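The following exercises concern the model shown below. Each task is followed by a solution in steps.

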Number of protein chains: 4
Amino acid sequence: MSPASRYTYLGPEGTFTEAALRSLPEAATRELVPMVSVATALDAVRAGEAAGALVPIENSVEGGVTATLDELASGRPLMIYREVLLPIAFALLVRPGTGLESIKTVTGHPVAQPQVRKWLAAHLPEAGWESAASNADGARLVQEGRYDAAFAGEFAAATYGLEPLVRDIHDTENAVTRFVLVGRPARPAAPTGADKTSVVMWLRTDHPGALLEVLHEFSSRGVNMMRIESRPTGEGIGRYCFSVDCEGHLQDRRVADVLMGLRRSCREVRFLGSYPRADEVRPTLEPGTTDGDFTAAADWVQRCMDGRG
Amino acid sequence: MSPASRYTYLGPEGTFTEAALRSLPEAATRELVPMVSVATALDAVRAGEAAGALVPIENSVEGGVTATLDELASGRPLMIYREVLLPIAFALLVRPGTGLESIKTVTGHPVAQPQVRKWLAAHLPEAGWESAASNADGARLVQEGRYDAAFAGEFAAATYGLEPLVRDIHDTENAVTRFVLVGRPARPAAPTGADKTSVVMWLRTDHPGALLEVLHEFSSRGVNMMRIESRPTGEGIGRYCFSVDCEGHLQDRRVADVLMGLRRSCREVRFLGSYPRADEVRPTLEPGTTDGDFTAAADWVQRCMDGRG
Amino acid sequence: MSPASRYTYLGPEGTFTEAALRSLPEAATRELVPMVSVATALDAVRAGEAAGALVPIENSVEGGVTATLDELASGRPLMIYREVLLPIAFALLVRPGTGLESIKTVTGHPVAQPQVRKWLAAHLPEAGWESAASNADGARLVQEGRYDAAFAGEFAAATYGLEPLVRDIHDTENAVTRFVLVGRPARPAAPTGADKTSVVMWLRTDHPGALLEVLHEFSSRGVNMMRIESRPTGEGIGRYCFSVDCEGHLQDRRVADVLMGLRRSCREVRFLGSYPRADEVRPTLEPGTTDGDFTAAADWVQRCMDGRG
Amino acid sequence: MSPASRYTYLGPEGTFTEAALRSLPEAATRELVPMVSVATALDAVRAGEAAGALVPIENSVEGGVTATLDELASGRPLMIYREVLLPIAFALLVRPGTGLESIKTVTGHPVAQPQVRKWLAAHLPEAGWESAASNADGARLVQEGRYDAAFAGEFAAATYGLEPLVRDIHDTENAVTRFVLVGRPARPAAPTGADKTSVVMWLRTDHPGALLEVLHEFSSRGVNMMRIESRPTGEGIGRYCFSVDCEGHLQDRRVADVLMGLRRSCREVRFLGSYPRADEVRPTLEPGTTDGDFTAAADWVQRCMDGRG
């Protein structure tokens with residue numbers, strides 16, 4: 001297939017990311033290519049070798065997937081076009097016939113560990129944990145005999161000839177991972193009414209209270225911030241950029257106005273896209289923040305300029 | 001002369017307002033008509049019987065001239081086109097031959113009183129004060145013999161056949177009265193680079209913190225507020241509108257942006273004009289608030305919409 | 001009577017101020033002394049010649065009574081102990097036998113004029129207005145024959161041998177004047193649960209955004225501001241102090257905390273008293289702002305200091 | 001040795017954490033016990049089996065060490081007593097005699113990877129990366145022959161019989177890891193004048209603009225925030241707590257006042273300690289925020305209550 005019909009994803013096969021990607025209808029007609037890292041999945045898109053990449057960006061237990069946040073904040077610009085929410089539940093995969101009592105070593109991706117910590121403490125308190133490069137890779141290492149059991153999605157069992165000894169393991173109720181489908185910059189899809197907009201902002205460093213000011217750009221237009229995460233810029237301890245998701249679409253006047261304000265008040269802003277919310281929740285608008293309110297205000301200012309205020 | 005060449009002013013002749021009006025170059029070619037009150041001076045403009053009206057609006061000792069603030073805030077809209085600053089110093093006007101020791105009664109406009117209070121206490125502690133309808137009217141009442149002396153501008157002496165017994169009386173150094181030339185709404189004069197913009201705002205009453213929000217509309221665009229005065233709306237104790245002067249001209253992008261924000265976040269806004277500052281002081285702009293910054297931000301948002309962000 | 005049982009008030013007799021003062025139960029046992037101005041009424045208190053002074057401070061149509069605001073903001077400190085609200089309605093007082101058609105001149109206090117302006121325009125459009133030193137003084141001038149009619153409280157008719165030709169004149173519904181009983185500084189009366197606290201604040205002039213900061217001191221403790229008025233400090237155009245009333249009593253922890261914040265963030269603050277609200281309305285408290293919340297927070301910080309956080 | 005003289009740390013031996021711990025003078029007289037995870041290192045302290053634990057908390061390239069942030073935010077309270085800053089530079093450790101050209105597989109801790117990514121791409125573009133449980137563990141795996149090379153601290157070479165083939169590898173200049181010495185809650189050490197205070201805050205979820213409010217608690221007392229990181233609370237996507245470091249010590253009045261404000265305005269606050277800054281930088285105080293200013297403000301409020309304001 002051509003690059004235009006190719007999607008990369010954070011591999012290997014059998015991970016939650018693949019499961020999330022396959023939940024998208026268009027995935028059925030795409031070539032799905034697992035990559036060894038978020039960086040390589042995204043670089044394939046940057047290089048034009050793929051039309052999109054599905055990568056995890058947020059996990060309700062572990063927080064931001066920092067590799068994704070940092071890759072989107074630097075290098076050649078990319079844009080988010082879709083988000084996918086996937087409930088997180090692990091299966092404990094073992095070679096057929098293995099019983100719980102014989103498990104001495106377990107493996108899994110480092111972000112899986114905190115989500116199964118309590119379960120491990122309760123059921124396998126003696127088992128040693130070692131990290132694998134991915135949950136699927138952990139399954140492979142169990143297949144190869146290097147570990148006794150791996151935490152992974154149940155869907156990975158068949159791929160690696162394993163069986164799920166325990167299902168639906170998750171320390172936290174409602175654990176969800178959020179994935180995004182990333183592509184090269186283009187015109188965002190039309191607003192659906194339940195949209196989300198993502199940006200990265202670098203504050204003016206010579207400016208105390210700069211974070212407060214920037215948050216006011218959102219609040220003064222009634223635009224609700226849904227996620228804010230600080231990430232080090234690599235310029236030294238205490239230097240951050242902020243990754244933010246807010247309600248609404250760039251074509252909503254209030255969101256465009258926020259972005260104009262951010263562009264002026266920040267050292268730098270990177271627009272990461274406006275895209276449909278996976279949960280399809282529509283925002284509650286505050287008085288004075290509808291498109292009509294913005295249009296009326298702009299008209300009024302024009303009338304004042306014309307002496308007809 | 002035609003109404004188009006007529007200016008009204010807060011009379012009578014011989015007041016500071018007339019002196020302020022005559023300081024305007026165009027006054028030389030206008031018919032200058034004294035009126036009995038701010039309201040009648042402005043109503044003549046509203047009715048098309050005069051092209052402009054000069055009225056006091058602020059006094060560095062007494063604060064806002066409330067009649068002017070309230071007249072501009074209500075009724076048919078008017079606009080400010082010029083401001084004039086006039087240092088305030090009173091002369092004590094007496095009938096020729098009167099000495100200080102024989103002064104038992106003094107008069108003057110109520111707003112004059114606090115500006116000569118200390119002088120009175122020091123030099124005429126026994127004299128009784130009665131208010132006159134205007135400083136010039138006080139001079140007339142002295143001419144008629146009703147009072148012994150009047151505080152007024154020295155320029156009023158000749159008009160009323162009086163002489164200045166003491167000159168340059170003012171309790172406060174740097175006392176200044178600010179006058180505005182008001183006309184019917186029209187396109188504001190072009191920006192000079194040292195401009196002022198005036199508005200009246202009515203907050204959304206169902207909204208605590210509304211004043212804070214509105215002040216943020218100014219501060220977030222780096223627009224310096226030069227004057228803020230609350231005025232009762234007449235809807236009951238505790239209900240106010242706010243009369244505000246800020247730096248800059250409606251054609252400055254940052255000011256237009258503030259006004260758009262006010263229009264959205266307030267119950268009502270009335271634009272009272274953009275006009276040259278009498279002191280010709282140019283604003284110091286904060287980073288991100290020049291016209292260029294606004295244009296660049298709008299361009300960037302447009303590029304984001306087009307997929308070229 | 002001794003000074004301890006004497007109250008001064010803004011005279012002369014027959015004004016609304018006297019009526020407000022007489023509405024206080026303790027007035028019955030006090031010697032009530034009219035004074036010619038707010039300043040002299042207050043100075044008598046400062047000098048120990050009276051225990052209290054009743055003066056107007058706010059008018060729902062005209063706004064702050066600037067003489068009172070300025071007197072309280074400067075000179076030897078005074079404190080407010082009570083407030084009185086008095087509905088404003090004027091009677092048109094005439095010499096017995098005078099009819100509406102024969103009234104050519106009317107008088108009254110300057111603050112009365114805007115409250116009867118519409119009535120005058122409708123019923124006596126030709127009558128000339130001249131200001132009197134007080135409403136009562138206007139009545140006296142009618143008695144003396146200098147004017148045909150005076151706007152004053154109906155209660156003033158008897159004092160000056162006049163009769164009310166028209167009653168209950170007021171352009172605005174719900175017009176109210178607020179008076180305050182002022183004394184020398186002492187311990188405020190105990191909280192009633194429906195209290196008001198008044199302060200005057202001078203912002204640090206070298207500090208842009210200073211007004212915003214100061215408003216945050218109130219909002220961050222959930223203390224509702226009921227009145228804010230800017231007053232010129234007399235240091236030049238553009239230099240203001242702010243006179244503020246807020247809900248609550250200095251003994252409420254949230255109010256004390258606001259005042260501590262103001263004291264630190266302002267150039268100067270003057271405490272003008274905590275006293276019962278005339279309308280007896282109790283505040284709605286926001287979460288985290290009760291006395292119990294403040295005590296719990298202080299206790300917690302102490303526990304943290306002790307290593308028991 | 002007794003638990004009182006035992007420090008645990010994120011092991012195994014030979015990691016940067018051990019190097020950071022050994023930089024503390026008191027480490028010389030303590031028993032230093034490597035643990036397999038941040039959680040187990042801290043749990044030993046909670047259980048009274050060790051007096052302290054040294055764990056990484058922040059990395060200028062990778063941001064917060066989420067395991068540490070989350071452990072400190074939950075479970076039985078712990079407190080930070082010291083911080084250590086350690087410049088990050090990796091050595092590429094190999095078995096003696098190995099040359100760069102023969103390296104096919106490399107390993108290291110997942111947080112090492114982004115710090116050596118560029119170096120790898122430039123010098124070993126073909127080498128496969130697999131994550132190890134720690135940098136030291138990676139060294140052990142090289143010793144055992146499972147991988148060809150490991151990124152680790154140069155100090156780890158001797159422990160594992162390896163040699164540093166390349167030294168001082170770090171993609172980013174000034175990369176630093178910050179470690180904290182954690183113990184059970186006790187009275188914080190006395191202020192040094194260059195201190196830091198750490199807290200975790202959970203916002204009131206029913207309250208839009210809550211983050212803005214909380215940031216104002218800091219800014220209104222002139223307390224500079226040095227780090228803010230959002231962490232998911234595990235209650236679902238979009239639910240965060242905020243981990244914050246600010247300048248100053250709990251015994252500084254301005255910091256105690258911030259904490260009182262946070263306690264009132266947040267759903268929950270956890271105090272994580274006041275301790276000396278490793279960089280020994282003293283804060284620049286804003287006007288009105290010294291201990292003297294707080295004392296003076298409290299005294300003034302007390303005087304107001306006593307009628308001597």
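**Exercise 1. Chain pairs without contact**

Determine how far apart the closest C-alpha atoms of chain B and chain D lie, and examine chain A and chain C likewise.

*Solution.* The model is a predicted one. Step 1: no contact joins chain B and chain D, and their closest C-alpha atoms lie 12 Å apart. Step 2: chain A and chain C do not touch either, the nearest C-alpha atoms of this pair being 12 Å apart. Step 3: the criterion for a contact is that C-beta atoms, placed from the backbone, lie within 7 Å.

**Exercise 2. Overall description of chain A**

Describe the extent, secondary structure, burial and contacts of chain A.

*Solution.* Step 1: along its principal axes, the C-alpha trace of chain A spans about 85 × 45 × 35 Å. Step 2: the secondary structure consists of nine helices and 15 strands. Step 3: chain A has 309 residues, of which 54% count as buried. Step 4: among contacts in chain A with a separation of 6 or more, 74% come from residues 24 or more positions apart.

**Exercise 3. Domains of chain A**

State the domain bounds of chain A, then characterise how domain 1 meets domain 2.

*Solution.* Step 1: the assignment for chain A gives domain 1 as 1–88 + 171–186, domain 2 as 90–169 and domain 3 as 188–309. Step 2: the centres of domain 1 and domain 2 of chain A, taken over C-alpha atoms, are separated by 24 Å. Step 3: in chain A, 13 residues of domain 1 are in contact with 18 residues of domain 2. Step 4: on the side of domain 1 of chain A that touches domain 2, the residues comprise six nonpolar, four polar and three charged.

**Exercise 4. Strand S6 of chain A**

*Solution.* Step 1: strand S6 of chain A covers residues 90–94, and five of its five residues are buried. Step 2: in a regular strand, side chains alternate between the two faces of the sheet.

Technical notes:
Residues numbered from 1 in each chain as written. Chains lettered and ligands numbered in written order. Predicted model: local features only at pLDDT ≥ 70, side-chain atom pairs only at ≥ 80, totals over all residues. Buried ≥ 20, exposed ≤ 12 C-beta atoms within 10 Å, placed from the backbone. Helix = DSSP H or I, 4+ residues; strand = E, 2+ residues; numbered from the N terminus. Contact = placed C-beta atoms within 7 Å. Domains from an automatic or database assignment. Nonpolar A, V, L, I, M, F, W, Y, C, P; charged D, E, K, R; others polar.
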